[in-house]
Amino acid sequence: MKLLTNAACGLAATFALPPLMNVAFAADARVNVIEEVVVNARKREENLQTTPVAVTATTEKGLELKQILNVSDIQRTAPNLGISSGATAGSKFVFVSLRGQQNLQSGVGNDPAVGIYVDGVYMARPSTGVMDLNDVQRVEVLRGPQGTLFGRNTIGGAVSIITNEPTDKLEGKVSVDIGQYQTKDISGVINVPISNDLDVRVSGHHKSHIGYGENRTLNQDAADLDHDDFVRFGARYQINDDWNAKFSADWNEIEDKGVLNGLAAWNDTTGLLGANGISLDPYLHTGSDWYKSYGSAKTDVDKKYTPSDMVRSSGFSLKFNGDLGWSDFSSITAWRTSSSKSYQDLDATPIDILQVYSTFDSQAFSQELQLSGSWDALSWTGGLFYFRELGQETSEAQSFGFLGTGFFENFSDVENVSYAAFLQTYYQFTDKVRGVAGFRYTKDERNAVLHHTNVVNDPSTCNVAIPDGGAFPPCNQTLKADFEYPAWVLGLDYQMTDEIFLYAKTSGASMAGGWNLRTGAEPAFNPQDVVDVEFGVKADWLDGRLRTNLAAFHMWQSDIQRNVSTVVNNRTTQYVRNSGDSQIDGVEFEGTALPWDGMELTATLGWMHGTYDSGTYTEEQAVPTVTTPTPGCTPIAGGAYTCAVDRSGEKLLQLPEFTYSLGATQSWPLDIGTLRVHLDYSFIDDQTFFQQTASQYQSAATKAAFAKSNQLGRLDGYGLVNGNVTLDMEKPGVTLTLWARNLTDKKYVQMNFADLYTSLGTSIDYVGEPRIVGLTASYRFQ
């Protein structure tokens, strides 16, 4: 692998190939223009440059070139997009933030702020968002609320993944990757026309690698990939000239030995560590031990817990498309299941301070019926949507296990049901001016049964021990809530010239309300609502060799859903609560240029600034003592007080000020095919994952601990360089690629967990991947 590493470090030098080398190149290189991209952002095929939505579309070729291997990598393609993986729920969960809209809670009782769709089917859980992008035609990142056509949980936007459909050609491809850390990736796809009316397509892959890091306590890998196995089957049947049916089924399983997390800081806030002669200094996460972890395994009664993650997902969809004469008809019926298990040592040390084992299961059925058509200058898309999800969530956690405390368990059943009707209309006022108006009405039913050792927020009830057999005591609490909310859009667009397109729109959408499921959690939280205004300009210049797309927006958020991690009755828990209102301003730029034949330059830039509305985010905070009665404080048991705290001055979570990327690809035509060299750089600015405000009546020591936790909850920005050199030989259809990810071997943290620094006394980092270099050989036939 040393040879591969040295070769990868010299990728940039290949851009300087001297003109004398062109004797080996074909003499008839043609002049290029930027290719036309067709998107489905409004559930109808449209040219990207005349679609009044801020969309980043990456084609199959672009995904391969930029090494966009999975959903997490999509972060590098679009402005104002952040995707974090590796969290308390497990290494394979992804949390998407777009235009500052995010949700860092992984439970089945709440939902994400950015929807992920595969061929129009909604992926409800963050564990199913980790999917690899295998045999994908394109990925569309739709920025801004998409509630009218895509529904709830798209207040920040949507990520739409469109896979390759079966075709009437016999074709296929086989690829083999090898790389550092014993990376192995074998993938393949075959497309077979069975008859004049029936085509099938099968794709799949197997991936594995040893750990990027080491768990020194257990002497085992960390951040490994034991296996990632995936298969998809697709069939397309042409019923007659007007009707067709498409069937798709997939299965995916991923297993590893757990995340690579490190202890960022600690303090003996409880005094328990010092009282037992324990120091955590030897386990601190430093530059010299960047890829080392010290998390431990745990045994509870007859159960053995070892750091590990498992995610399994599967599903199918059946689509019917047809022409009714007066309208086009579409039906999508889908069934999705997902299951995950994860054990983490959340202090990343051999000392048992906090260990958590969690499972999440989901079975979801959805049905969408859609009509679309036109009459004179009016066109429309409308339909009905139904969704029903049955979910189960369990967690087993131990706080301060070094004192001999046992595990406590939570178990909850969830039913999430949603109904919606929508209509979006378009009117062509003139040849150049068009308007859009859309409305969606959604009703949600959120039902849960909590099987806990006590009723939420009342430890005196059903306070019984869990028997050794592991059965939960009969302490069931049934919770029911209904929510109703609209989504809408109004807009105008103007085709100023053949090359310049302008649009303005305003829209509103909601993220669903739900239940908190864990012991000590608060009751139901309300939907988070968003309203925005957006202006955009899309333009092509210089005879199609330069493209610039610009969007600017202002967004109002209300009833923000914010994740809270805390300790209640000596038990660690997480829950979601509504936490104030805010406003966000942002600008987005995307550019593509072809400065000379064979060279393509790309750039994206995103800027955001957001603040809470003054006085909208407050809480009651426990203060051990207040010497004199003070306005805003109420006495409680034990001589303590609860005091009102205004938290409106805190930073919005997962809101980087800047994101940007730069890319360059030089291609040279050869007699045997094409030689291509690509480099790209992507940067995401500092982000806040946790912040809290201390009451003015807290002690100096407590205020200092709050300030330190806020510092730890701020994630430093980082930039990554990726590159590859590809020789694409048309005959015999062989492609060879030398690739490198994180070419400069940047040490970075992709997510952190500082939420419990002021309670349990630890803060941990989730470490990003090191430099990885490898080779890919692929063979395609048709």
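Colleague: Is Asp-597 buried, partly exposed or exposed in this model?

Modeller: This is a predicted model. Buried means under 20% relative accessible area, and exposed means over 50%. Asp-597 has 36% relative accessibility, so Asp-597 counts as partly exposed.

Colleague: Which residue does the side chain of Asp-597 meet in a salt bridge?

Modeller: Look for a Lys or Arg nitrogen within 4 Å of an Asp or Glu oxygen. Here the side chains of Arg-545 and Asp-597 meet, at 3.6 Å from N to O. The two lie 52 residues apart, so to speak in distant parts of the chain. Arg-545 sits in the loop between strand S29 (528-541) and strand S30 (546-558). Asp-597 sits in the loop between strand S33 (582-593) and strand S34 (599-612).

Colleague: And Arg-545, buried or partly exposed?

Modeller: Arg-545 counts as buried, because its relative accessibility is 18%.

Colleague: How many salt bridges does the count come to?

Modeller: The count comes to 34 salt bridges. One of them joins Lys-173 to Glu-64, with the closest N and O atoms 3.2 Å apart. Lys-173 lies in strand S10 (residues 171-179), and Glu-64 lies in helix H2 (residues 60-65). The pair therefore ties together parts that are 109 residues apart in sequence.

Colleague: What is the relative accessible area of Lys-173, and what is the relative accessibility of Glu-64?

Modeller: Lys-173 has 26% and is partly exposed. Glu-64 has 47% and counts as partly exposed too.

Colleague: Strand S10 also holds Glu-171. Which residue meets Glu-171 in a salt bridge?

Modeller: Arg-201 does, at 3.7 Å from N to O. Arg-201 is in strand S12 (residues 198-209), 30 residues apart from Glu-171. Both Arg-201 and Glu-171 are buried.

Colleague: Now surface patches. Which residues form the negative one?

Modeller: Asp-241, Asp-242, Asp-323 and Asp-328 form it. Take Asp-323 as an example. Asp-323 is in strand S21 (residues 308-323). Its relative accessibility is 35%, so Asp-323 counts as partly exposed.

Colleague: What accessible area does the nonpolar patch have together?

Modeller: About 730 Å². Its residues are Leu-170, Ile-190, Val-202, Val-231, Phe-233, Phe-247, Trp-251, Phe-316 and Trp-335. Strand S15 (225-238) and strand S16 (243-256) each supply at least two residues.

Colleague: Where is Phe-316?

Modeller: Phe-316 is in strand S21, which is where Asp-323 is found. At 34% relative accessibility, Phe-316 counts as partly exposed.

Colleague: Last topic: sheets. In what order do strands S14, S13 and S18 stand?

Modeller: The order here is S14-S13-S18, in an open sheet with mixed pairing. Strand S14 (220-222) and strand S18 (292-293) stand at the edges. Each has a single partner strand, so one side of each is left without a neighbour in the sheet.

Colleague: How many bridges join S13 to S18?

Modeller: There are 2 bridges between strand S13 (residues 213-215) and S18, and these strands run parallel. For Glu-214, the bridge partner in S18 is Lys-292.

Conventions: Residues numbered from 1 in each chain as written. Predicted model: local features only at pLDDT ≥ 70, side-chain atom pairs only at ≥ 80, totals over all residues. Heavy atoms only, no water. Pairing = 2+ DSSP bridges. Helix = DSSP H or I, 4+ residues; strand = E, 2+ residues; numbered from the N terminus. Patch = residues over 30% accessible without salt bridge, like charges linked within 9 Å, V, L, I, M, F, W, Y side chains within 5 Å. Areas by Shrake-Rupley, 256 points an atom, 1.4 Å probe, with all protein chains shown as cover. Lys, Arg positive; Asp, Glu negative; His and termini not counted. Charge placed at Lys NZ, Arg CZ, Asp CG, Glu CD. Buried < 20%, exposed > 50% of the residue type's maximum accessible area, 1.4 Å probe, protein only.
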